[in-house]
Every structure is written in structure tokens, then in C-alpha cells.
Amino acid sequence: MSETKRYEQVEDALELYIALSRANQWVSSHGDRDIRAHGLNRTEFGVLELLYHKGPQPLQQIGNKVLMSSGNITYVIDKLEKKQLVRRRVSTEDRRLIYAEVTDAGSEFIERVFPTHGCVIRDAVAGLTLEEQHQATILLKKLGKFAEESYKG
């Protein structure tokens with residue numbers, strides 16, 4: 001492969017990286033603004049949404065599911081507990097295992113806020129047609145999976 005061709009591939013990869021980063025930043029900004037209006041940050045909302053849709057989760061596993069460290073999960077769960085949206089529960093089978101679960105107030109919050117939040121995200125990505133959104137989803141999942149696998153290897 002010629003030096004020119006390699007340089008063009010690097011330029012194309014960098015252009016994609018910048019486009020992905022900027023798109024993520026702006027779409028996330030729409031979502032973050034909506035979430036902040038309801039008194040939470042992105043991480044708190046993500047944990048609450050996970051617990052609502054997937055049920056009680058061991059604290060040790062929440063971090064992997066919302067892409068954050070276990071130390072931060074404890075802090076986030078503490079904040080959500082103070083807001084009475086989440087509670088901790090010790091496992092009846094293994095007392096070392098602690099679950100986080102959504103409270104009735106947390107369920108009511110998600111049921112009230114989530115549909116509108118979905119519309120905020122829909123509007124933020126409306127720069128693409130529905131078909132383009134579908135294609136982008138397929139391509140980004142493919143890209144993410146490759147990047148994850150090649151990072152581990």
C-alpha cells in the first residue's frame with residue numbers, strides 16, 4: 001500500500017472519529033438538558049432507567065451495564081437513595097450480595113419522564129431520516145463491536 005493511500009485512510013479515520021465525537025456530544029447535550037430539568041444527571045438517569053426496565057440488579061453488575069466504575073456506582077446509588085428513587089436490598093441467598101432496586105417513587109418518575117425523554121432524543125436525531133437512523137445504528141454497532149474486540153485482543 002502506498003504512503004499516500006495510508007495517509008488517506010488515516011485522514012478518513014480521523015474525520016469519522018471527529019464526526020462521531022461531535023454527533024455524540026450534541027445528541028447527548030439534548031438528552032442531558034432534559035434529564036437535568038428533572039433533577040438528575042445522565043448517570044443517575046441511566047441507573048434508574050436500568051433498574052426500572054431490567055429489575056433489581058447487584059451493585060457489582062450495574063457498572064458494566066451503564067459503563068462506569070464500581071466506585072462511582074456506590075456514589076450514584078447513594079444519591080438516588082437520598083432522592084428516594086432507589087433502595088438497596090441484601091440478597092436473601094447470599095448476604096454479601098447487595099441489590100439496587102427502583103422504589104415506587106422511582107417507577108413513577110420514570111413513567112412520567114421517560115416518554116418525553118424519548119421524544120427529546122427522537123428530535124435530536126431527526127437530522128437523519130428513519131432509514132438513515134436504522135443504517136447508522138447497524139453501522140455503529142458493527143464499529144463498536146469491532147473496536148471492543150480489537151481492544152481486548
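These are my notebook entries on what I looked up in this structure.

**Entry: ground rules**

I am working with a predicted model, in which local features need pLDDT of at least 70, side-chain atom pairs count only at pLDDT 80 or more, and totals for chains, interfaces and linings use all residues. Residues are numbered from 1 along each chain as its sequence is written, and side-chain values use heavy atoms, with hydrogens and water left out.

I took helices (H or I, at least four residues) and strands (E, at least two) from DSSP runs, numbered from the N terminus.

**Entry: the sheet**

In what order do the three strands of the open sheet stand? I found β1-β3-β2, with antiparallel pairing. Two strands pair if DSSP finds at least two bridges between them. As a reminder to myself, strands of a sheet pair through backbone hydrogen bonds, either parallel or antiparallel.

β1 (57-58) and β2 (86-90) are the edge strands, each with a single partner, so one side of each has no neighbour in the sheet. I counted two bridges between β1 and β3, in the antiparallel sense. Gln57 is placed opposite Ala100 of β3.

Next I checked what α2 does here. This helix packs on the sheet and touches β1, β2 and β3, and its direction makes about 90° with that of β3. Contact means heavy atoms within 4.5 Å. For the angle, axes are lines fitted to C-alpha atoms, for helices over the stretch in contact, and angles run from 0 to 180 degrees between N-to-C directions.

**Entry: the nonpolar core**

A nonpolar core is a set of buried Ala, Val, Leu, Ile, Met, Phe, Trp, Tyr and Cys residues joined through side-chain atoms within 4.5 Å. Buried means under 20% relative accessible area, exposed over 50%, and partly exposed in between (1.4 Å probe, protein chains only).

Which members of the largest core touch the most other members? There are 21 residues in this core, and the answer is Leu40, Val47, Leu48, Ile62, Ile77 and Phe109. I then listed the elements that give two or more residues to this core: α2 (42-54), α3 (59-66), α4 (70-82), β3 (98-102) and α5 (104-124). The largest share is five residues, from α2.

Leaving out residues up to four places away in sequence, Ile77 touches Val47, Leu59, Ile62, Val86, Arg88 and Ala100.

Leu50 sits in helix α2 and is buried, at 10% relative accessible area. Beyond its neighbours within four places in sequence, Leu50 contacts Gly55, Gln57, Ile62, Lys65 and Val66.

**Entry: salt bridges**

Side chains of opposite charge can pair when their charged atoms come close. A salt bridge here is a side-chain nitrogen of Lys or Arg within 4 Å of a carboxyl oxygen of Asp or Glu. How many did the search of the whole structure find? It found 10 salt bridges.

One joins Glu3 and Arg6 at 3.5 Å, N to O. These two are three residues apart in helix α1 (residues 3-36), which puts about one helical turn between them. Glu3 is exposed at 57%, while Arg6 is partly exposed at 41%.

Another links Glu81 and Arg88, at 2.3 Å from N to O. Glu81 is partly exposed at 28%, and Arg88 is partly exposed at 26%.

Arg89 and Glu101 form a salt bridge too, with their closest N and O atoms 3.0 Å apart. Arg89 is in β2 and Glu101 in β3, so this pair ties together parts 12 residues apart in sequence. Arg89 is partly exposed at 32%, whereas Glu101 is buried at 13%.

I also noted a network: salt bridges with shared partners join Glu44, Lys79 and Lys83.

**Entry: the aromatic pair**

Rings of Phe, Tyr and Trp (its six-membered ring) pair if their centres lie within 6.5 Å; planes under 30 degrees apart count as stacked, over 60 as edge-to-face and the rest as tilted. My search of the whole structure gave one aromatic pair. Phe45 and Phe114 are stacked, 6.3 Å centre to centre with 15° between the planes. Phe45 is in α2 and Phe114 in α5, 69 residues apart, so I noted a link between distant parts of the chain.
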